[in-house]
Amino acid sequence: MIWLIFLLAPPLLALYNPLPHVGVPPFRVRISPDVKRPVLGRLVVFLAVTNDTEPRTQCSDGHGTAQIFAVDVDHVPPGGYVDVENSVRGYPRGSLVDVQDMEVYIQAEIRPYEVYNRGDGVNLTLPTSCVNPDGGNDGEYPSPIGTIYTSVIYAKLTLNNTIELEANMEVVPTHSPGCSGEGNDTKWIKTVRVNSSRLSKFWGRDMVLEACVLLPYGFYDYTDARYPTVIAHGHYSVIFAPGGGFRPEPPKPDARGYEKIAQTYDHYLYTNWTSSDSIFKHSRMLVVTINHPVPFFDDSYAVNSANVGPYGDAIMLDLLPVVEKRFRGIGEGWARGLFGGSTGGWEAIAAQVFYPTEFNGVYAACPDPVSFTSYTTVNIYEERNAYYYDAPFKKTPRPSTRDAYSGTIVAPGSSNVTFGHPYGQTQATMEESNYRELILGPRSRSCGQFDIWEAVFSPRGQDGYPQRIWDKSTGEINKTTAEYWRDNYDLLHILKRDWKKLGPLLVGKIHLFVGGSDTFFLNNAVMDMQDYLESTTEPYYNGSVVIGTHDGRGFEHCFNGYAPDGTVLPNGITRNLYLQKFIPAMSKRFLDSAPPNANLIWASY
C-alpha cells in the first residue's frame, strides 16, 4: 500500500493575500506602438530558472513550474504601459516578496480578451480563444492568435527597482494544416463546417462547428452503401486525431523517441484503414472528430450548458445530420457509436446518457469525473472543503495530480515505449492547481481544467460568469452549486435517479476503462460508477468496466484498455489504437442491432 504523506504547512490562503503597496512597481510592461489597437486581456509575467524553452511556456502544475504574476489589462493604448505592483498575487509563490533577490529569466505575454454580448442578456469579457487554429492537439496549444509578448531578459529581482519589458511581438495567423494535415482535404479526410444558429444565438455572434471526417475504404466504389457513424470525442485538434493519427507516409528516417512511435502507429492506422483485408474488414464506417472550442477552454464538453451554450443539441441537430447526409451515413441510432479518452471519454459517455436512443454504444477511456462523489479527490456533496480533508484537528492537503502522464514515455535514449511508475508521488495539490488557474484568469477565465468544469456544470452566477463550485481562495464548497451539478451533470446520479427509464435503453452500451493509478484520480469516480452498474437489475447494464493494471501496478493516465487480443501494452502504444480496438467491437454490436432490411453493404466487404 502506498501512503501519500504531506508535510503540514501554512495554508496558501495566507500566502495569496495581497500585500499593501510598497515601493516601486517591480515590473512595467510597455505596449509597443506597432500593436495598432488598444489592448484588452490578461497580462502574465513569467519568471523561470531556465531558458531552455521560453518562460511563457513553463507554467504548469508540475514541480518545475515557472513563477507567475498577473493582472488584467483594460484597453491600454499602443505606447501605454501596465504596472505589475508588488501587491499583486502570484503562483506558486504568493508574493513578489517571496522571490526578491532571485536571478531569473523574465518574459511577459498578454492573452487577448473580447467582450461577448450574449443572447442570454449578459455581456462578458472572456478570452478571445484558448486555442490556436494553426496547430496543437490534446490540450497543448501555442498561444492564441493576437497574443502579444516580450523578449526574454535575465535579471535580479528587487523591490526597489523596476524591470521594464516591451510587448512588441505578436502571435499571427500562419498556414493551418487543416483536418488532413496537408492544408486541403484528401481522398480520405474531409472537412465539414456548419454555422450553428442555436450557438450563434447564444453567443451573439456567428459560431461554427467543425468536423473532420475519415471516409471508409471502398467509399467511392460501393456507391450504394450507407455507413455507420462513430464520433471520436476529444480535445480540439486542427488535424484529424481520433486517438493516434492518420499518416500516409512511413516514419521520418530521423524521427526519434516518442515521435518515431507516434509516426509508426499513425502510418499503421493508415495502412490498416486503406486495406481490403485488415482488422477493419466488414467494419467500414465514418469516423468523425469535432472541433468546438469555447472562450473558456479548447472544448465545450459537448453538452448543453448555461454558461457555454447548447453544444449537445448543436452537435446532434446542426452538425451530425449534415455530416451523415454528405457522406452517406445511415443516420439512425442503431448505427452510431462513441469513443474518447479523458475529456473525450466524459463527452462520449455523457452523449450516450443524454441521447440514449441516438447512439448504440460508448467506449469511454479515463473519463473526466463521471460522478462528483469523487470529483478527482473531493466529494462535493459530503465534504466541506475542496483543498483540505475534513478532520477535527488535522489539515491535510488534497492531491490533484500524482506521478505523471504515461502516454509518451520511452526508455531514455531510445524509441522503446515503457510503462510508467505509479509511485503515488504528489505533483500538485488541489489548492495549488486552483490557485494557478485563479492567477491565470479570475472568473473561470484561465482556460484551465477546473475552470472549464465549472463553466460547463455550473449555473450562471449573478455577475454573469459561472457560479463557483467553491471559493477559489479558500476551497469552501458551495452546496447550492453542488446540488445543481448533481441534478444536471453527475452522470452516476442521473443513472441512479433515472435507471427505470434509462436502463432499458442502455443495456450493453456502456464500456468504461481507466488506469488503477490514474494521474488525476479519475479512477475514483469510475469505481463509484462501477459499483452501481454492477448492482443494477431490471435490467442489468450488461456492459463492462476495466480498471487497468500491469504486473500488479495500476496504469496512469490515460488507459483505454488492453490490446484487441488481450495483450497488456503500455499506454504509449494503446493510445494510438482506439480505432483498431473499438471499431470492430462496434461493428458486431451494430450488426446485432440492425433492423430488418437495413443497408448492410458496409459490413459486406
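I began with strand E12 (residues 189-195), which pairs with E13 in the antiparallel sense over 7 bridges. This is a predicted model, and I read it as such.

Next I followed E13 to its other pairing. E13 also runs antiparallel to strand E15 (residues 286-291), with 5 bridges between them. Here I noted Leu 214, whose bridge partner in E15 is Val 287.

I then checked cover. Strand E13 (residues 208-214) is mostly covered, with 6 of its 7 residues buried.

I found 3 strands in the order E4-E1-E10, and the pairing is mixed. E4 (81-84) and E10 (163-167) are the edge strands; each has a single partner strand, so one side of each lacks a neighbour in the sheet. From one strand to the next, the twist averages 20 degrees.

E1 and E10 pair in the parallel sense over 5 bridges. Arg 30 stands opposite Glu 166 in E10.

H5 (residues 343-354) has 12 residues. From first C-alpha to last I get 16 Å, close to the 16 Å expected at 1.5 Å a residue.

Is H5 enclosed or open to the outside? I counted 11 of its 12 residues as buried, so H5 is largely enclosed by the rest of the structure. The buried residues include Trp 346, Glu 347, Ile 349, Gln 352 and Val 353. Gly 344 and Gly 345 are also among them.

Definitions and conventions
Residues are numbered from 1 along each chain as its sequence is written. This is a predicted model: local features need pLDDT of at least 70, side-chain atom pairs count only at pLDDT 80 or more; totals for chains, interfaces and linings use all residues. Side-chain values use heavy atoms; hydrogens and water are left out. Helices (H or I, at least four residues) and strands (E, at least two) are DSSP runs, numbered from the N terminus. The expected span of a helix is 1.5 Å times one less than its number of residues. Buried means under 20% relative accessible area, exposed over 50%, partly exposed in between (1.4 Å probe, protein chains only). Two strands pair if DSSP finds at least two bridges between them. Axes are lines fitted to C-alpha atoms, for helices over the stretch in contact, and angles run from 0 to 180 degrees between N-to-C directions.
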